[in-house]
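The entries follow in the order in which I made them.

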Amino acid sequence: ATQAILTVGIAALDYETTTLYTLVIDAVDDDSVSVSKMTGQAVVTVNITSYNEFTPQFVGGQATSMSIDENSVVGTVVGTVDATDDDDGMDGSVRYGLSAGGTGHFSVDYLSGEIYVAMSLDSESGSNGSPYVVTFLATDLATGGEGVLTSTVDITITVTDLNDNTPFCTPDTYTVYVAEDAATNYVVTTVQCYDIDETSPNNDITYSIDGSDFSIASTTGLIKVATGLDYETTSRYNLTVTVRDLSASVGYLETEAALTVIITSVNEEPPV
């Protein structure tokens, strides 16, 4: 008796193309004397087993830049990562994860690949105004000895600034003394105000002042005498400086500073 060894031919095997082969094996005796040779036949079924040969790949056109408003609540979907694996079965099943970046502000659904807000966002803090660069994983579920395969993609997530901060003045109360003979354009004081929103026009501010005896520079808060002063007519001005940001998308926000101008008397009239 002899044995026949079945070997793989020159064509490569591919589980994803063909998983099973049915082979018919013919055996013929090698008796050179007998006119009629004895033959036999066997049917052999060859099952091709899967091998985890393909790494998950993020699909072409995968967005690598996304944005989300800073007031978005936890659970808000930012976008989606999507990967495929050309292996079959568990070797081709993909699960998603997050490996780096985001400082806990984002997470990903391990089945759907949806990226969502995991904690409160603030454009003015968190990443200090810079986008988050988050690394996402796509991992297959291979159970064979070859182990799982993983690929990654970096996605830049920008937190969009909204007009959520009201301007503020430091200090918000001023008291100044001005002589009644101060000339027009005499500098009285400067009101200093700020807006901590991250971007323009949300952090741009403009100044205005009530009354007509004093003027204020709309961009700097510099206050000057606008007309002649007279202690005998008005010795004290209680003024309001209004400070407003320039946001137009959701409406402007404003605050006020109180300015008291005390006019001091000058000996301008001779005795009579």
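**Entry 1: the salt bridge**

I found that Arg 244 and Glu 254 form a salt bridge, with 3.1 Å between the closest N and O atoms. I note that the model is a predicted one. I then looked up where the partners lie: Arg 244 belongs to strand S19 (residues 236-245) and Glu 254 to strand S20 (residues 254-264). The two residues are 10 residues apart, and the pair links distant parts of the chain.

**Entry 2: accessibility of the partners**

Are Arg 244 and Glu 254 buried, exposed or partly exposed? I read a relative accessible area of 31% for Arg 244, which is partly exposed. For Glu 254 I read 37%, and this residue is also partly exposed.

**Entry 3: a three-stranded sheet**

I turned next to an open sheet of three strands, whose order is S5-S9-S8 and whose pairing is antiparallel. I identified the edge strands as S5 (77-80) and S8 (106-108), each of which pairs on one side only. Neighbouring strands of this sheet are turned by 25 degrees against each other on average, with direction ignored.

**Entry 4: the pairing of S5 with S9**

Which residue in S9 stands opposite Gly 79? I first noted that three bridges join S5 to strand S9 (residues 114-117), and that these strands run antiparallel. Opposite Gly 79 I located Ile 115 in S9.

Terms used. Residues are numbered from 1 along each chain as its sequence is written. This is a predicted model: local features need pLDDT of at least 70, side-chain atom pairs count only at pLDDT 80 or more; totals for chains, interfaces and linings use all residues. Side-chain values use heavy atoms; hydrogens and water are left out. Two strands pair if DSSP finds at least two bridges between them. Helices (H or I, at least four residues) and strands (E, at least two) are DSSP runs, numbered from the N terminus. Axes are lines fitted to C-alpha atoms, for helices over the stretch in contact, and angles run from 0 to 180 degrees between N-to-C directions. A salt bridge is a side-chain nitrogen of Lys or Arg within 4 Å of a carboxyl oxygen of Asp or Glu. Buried means under 20% relative accessible area, exposed over 50%, partly exposed in between (1.4 Å probe, protein chains only).
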